[in-house]
Amino acid sequence: MKTRQVGNTDLHFTVIGLGTWAMGGGGWKWGWGPQDDDASIAAIHRAVEQGINWVDTAPIYGFGRAEEVVGKALRGLTPRPLVATKCSRVWDEQHNVSGNLEERSLRLELERSLRLLQAEVIDLYFMHYPLPEQDMERGWETLSRFKREGKVRQIGVSNIGLEHLKRLQAIEPVACIQPPYSLLERGIEKEIIPYCRAQGIGIVAYSPLQRGLLTGQFSKERIESLPEDDHRKRDKHFVEPAGSVNLQLVEGLRALAARRSTRPCREPIGCSRPRTS
Ligand SMILES: NC(=O)c1ccc[n+]([C@@H]2O[C@H](COP(=O)([O-])OP(=O)(O)OC[C@H]3O[C@@H](n4cnc5c(N)ncnc54)[C@H](OP(=O)(O)O)[C@@H]3O)[C@@H](O)[C@H]2O)c1
């Protein structure tokens with residue numbers, strides 16, 4: 001699989017990485033319904049076998065569950081895939097989530113992530129959201145301190161607008177951003193991509209398949225039958241009136257993908273399922 005340099009850094013990521021949000025499981029507002037940890041670990045191993053060299057995760061994905069699964073899956077693998085994780089989303093005993101960028105909180109998060117991931121250093125550490133806004137710069141300074149301390153190799157930020165990105169870039173270069181980017185979410189094209197190009201900031205897109213909606217595996221019936229604790233049941237792109245319009249768009253894409261495909265594909269769209277040939 002091809003790799004690309006992440007911005008101006010020494011990290012080289014395969015063009016496809018493995019996201020682990022869904023591996024956090026269900027039972028919380030942003031969950032993906034029930035998940036089996038052994039199946040998640042097998043999926044990570046399969047992705048690595050297929051050539052993927054980096055995994056994206058976050059503490060908030062199942063309140064530590066996804067990071068723990070990633071840690072178990074990567075234990076003993078050589079070479080060990082690169083790991084990106086995040087900070088700044090914290091939760092209380094009732095699982096109410098809020099933003100915290102205070103140094104004490106960020107340090108606790110970092111130590112817990114290192115423990116769950118069974119890692120000595122985090123390859124790419126993202127501020128998950130630059131919130132609360134008034135603490136954004138202070139939080140960024142703390143992340144750059146973590147880098148100087150050798151606990152993280154590179155630092156980035158997710159879910160950020162251009163003006164805020166410029167404010168962080170003025171303090172310490174941003175290695176990479178992680179924005180939503182898919183055929184249905186193209187907001188970064190006008191200003192953010194050109195700015196990142198000019199500044200040498202890497203971009204790793206999240207939800208490129210729009211949480212599965214663009215894979216050709218969805219229908220109205222499947223959306224309706226999603227478990228109650230799968231957040232997609234309430235997602236603006238999945239619910240009506242947008243749901244039907246988007247499913248129609250996917251039908252158009254199916255034909256386009258078939259015309260543009262360079263290799264025979266047994267799967268319905270985009271040849272995106274891992275294949276052995
Ligand atoms: N920084 C952030 O705020 C943020 C936000 C969102 C995501 N992320 C990261 O980005 C990663 C990827 O985003 P995402 O998980 O939202 O969505 P995605 O990559 O757009 O879609 C993932 C879903 O697509 C379906 N899928 C993938 N390949 C398929 C194929 N070949 N055929 C059929 N279905 C397929 C699966 O859905 P089913 O489960 O229905 O099979 C899968 O769970 C996350 O896991 C997370 O690591 C970060």
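**Entry 1: the ligand and its polar partners**

How far does a polar side-chain atom of Tyr61 lie from a nitrogen atom of the ligand? I read off 3.4 Å for Tyr61, keeping in mind that this is a predicted model. I then turned to the oxygen atoms of the ligand. One oxygen atom of the ligand lies 2.5 Å from a polar side-chain atom of Arg222. Next I looked up how much of the ligand is covered. On its own the ligand exposes 900 Å², and the protein buries 83% of that.

**Entry 2: the shell around the ligand**

I wanted to know who else is there. The ligand has 25 residues around it, and those that come nearest are Asp56, Ser158, Ser207, Leu209 and Arg222. I sorted the shell by residue type and found 12 polar, six charged and seven nonpolar residues. Then I checked which domains supply the shell. Domain 1 (3-208) and domain 2 (210-277) each contribute at least three residues to the shell.

**Entry 3: the two domains**

I stepped back to the whole chain. The protein chain is split into domain 1, residues 3-208, and domain 2, residues 210-277. I noted 25 Å between the C-alpha centres of domain 1 and domain 2. Where the domains touch, 19 residues of domain 1 and 18 residues of domain 2 take part in the contact.

**Entry 4: the cysteines**

How many disulfides does the structure hold? I found zero. As a reminder to myself, a disulfide is a covalent bond between the sulfur atoms of two cysteines. Cys196 is in no disulfide, and its nearest cysteine sulfur, that of Cys176, is 8.3 Å away. Cys196 is buried, and its relative accessible area is 1%.

Terms used
Residues are numbered from 1 along each chain as its sequence is written. This is a predicted model: local features need pLDDT of at least 70, side-chain atom pairs count only at pLDDT 80 or more; totals for chains, interfaces and linings use all residues. Side-chain values use heavy atoms; hydrogens and water are left out. A residue is near a molecule or strand if one of its heavy atoms lies within 4 Å of it. A polar contact is a pair of N or O atoms within 3.5 Å; within protein, one must be able to donate a hydrogen and the other to accept it, and residues adjacent in sequence count only if both atoms are side-chain atoms. Accessible areas come from the Shrake-Rupley method with a 1.4 Å probe; for residues, only the protein chains shown count as cover. Ala, Val, Leu, Ile, Met, Phe, Trp, Tyr, Cys and Pro count as nonpolar, Asp, Glu, Lys and Arg as charged, and the others, Gly among them, as polar. Domain bounds come from an automatic or database domain assignment. A disulfide is a pair of cysteine sulfur atoms within 2.5 Å. Buried means under 20% relative accessible area, exposed over 50%, partly exposed in between (1.4 Å probe, protein chains only). Contact means heavy atoms within 4.5 Å.
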